[in-house]
Amino acid sequence: MVGRPNAGKSTLTNALVGEKVAITSGRPQTTRHVVRGVVHRADGQLVLVDTPGLHRPRTLLGQRLNDLVRETLSEVDAIVFCLPADEKIGPGDTFIARELSQQRTPVVAVATKADKVSRERLAEHLLAIDKLGEWSTIVPVSAVRDEQIDVLTDVLLQHMPVGPPLYPEGELTDEPENVMIAELVREAALEGVRDELPHSLAVLVEEITERPREKNDHRPPMLDVHVNLYVERSSQKAIIIGKGGARLREVGTRARKGIEALLGARVYLDLHVRVAKDWQRDPKLLQRLGF
């Protein structure tokens, strides 16, 4: 799954899988890892790779994310190029289309967010996509309304090689638990913040421990989850924490629900915000934070 930042790739990944395996946000640059989601059907299996948005990099982090996308493109059987219908095709889309024209892999162009525009606007958008490059198919979809998701799945299965399933039935992602927990915390922290913050926020799960249980306690286990949120400046730390810590408590409450559902356990979530100055440009800090 490729496209410029905020093109609807993660939402589409979740719609195809039928469960939340990638975090979504109205902010660009939400996805930082290659998330694999697995679609199981009687006639085949799709392993979806939701990449970070391809963009002109301004930092070492941006450069590394682009390298990750290019590496992924060389290893897949089909590419889904997401182009949101509620935005005109711009320089970012042209930049990606040029990159994709150098790939031998078939590219399915997908007009995402089709529910946000009129039929006339969607028709214009599909014509513009057609002019942008050589695509094996063009499919308009609405992930939010679950429209044309089956059609897209059919199209993608036609490009898959014949072979045994790569993942057992019921397995929806191979993301490690600590990465998914970190992503849920980051998603909650990005809710309703200023534009500057998404790029500057990194989340790391430091430790997960299970509390000892009484003999006759039949409730789900209680886990202590310790998480650090890293920002680049003290002013950003203040935004995340909020007045009297109110915003950080809100982040914890929102993230805990998702983490408890993910782990099937009760969770005590311990959040700390730390400043790691200019981490996006520092090779050592990037490595420490998992990039």
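Modeller: Strand β4, residues 107–112, pairs with β5 in the parallel sense, over four bridges. Strands here are DSSP E runs of at least two residues, helices are H or I runs of at least four, both numbered from the N terminus, and pairing requires at least two DSSP bridges. This is a predicted model, in which local features need pLDDT of at least 70 and side-chain atom pairs count only at pLDDT 80 or more, while totals for chains, interfaces and linings use all residues. Residues are numbered from 1 along each chain as its sequence is written, and side-chain values use heavy atoms, leaving out hydrogens and water.

Contact means heavy atoms within 4.5 Å.

Another helix packing involves α1 (residues 9–17) and α5 (residues 149–158), whose axes come within 10 Å and cross at roughly 85 degrees. The two helices are therefore roughly perpendicular, a label that covers 65 to 115 degrees (under 35 is roughly parallel, over 145 roughly antiparallel, the rest oblique). Leu12, Ala15 and Leu16 of α1 meet Ile149, Leu152 and Thr153 of α5 in this contact.

As for nonpolar cores, in the largest, which has 26 residues, Val227, Leu229 and Ile259 touch the most other members. A core is a set of buried Ala, Val, Leu, Ile, Met, Phe, Trp, Tyr and Cys residues joined through side-chain atoms within 4.5 Å; buried is under 20% relative accessible area, exposed over 50%, partly exposed in between (1.4 Å probe, protein chains only). Helix α6 gives the most to this core, seven residues. Apart from it lies another core, of 22 residues, including Leu12, Val39, Val110 and Leu157.

On confidence, the chain has a mean pLDDT (the predictor's confidence in each residue, 0 to 100) of 85, with 90% of residues reaching 70 or more. Residues 25–32 fall below 50, and this stretch has 44 contacts in the model beyond near neighbours in sequence.

Notes:
Axes fitted to C-alpha atoms, helices over the stretch in contact; angles between N-to-C directions.
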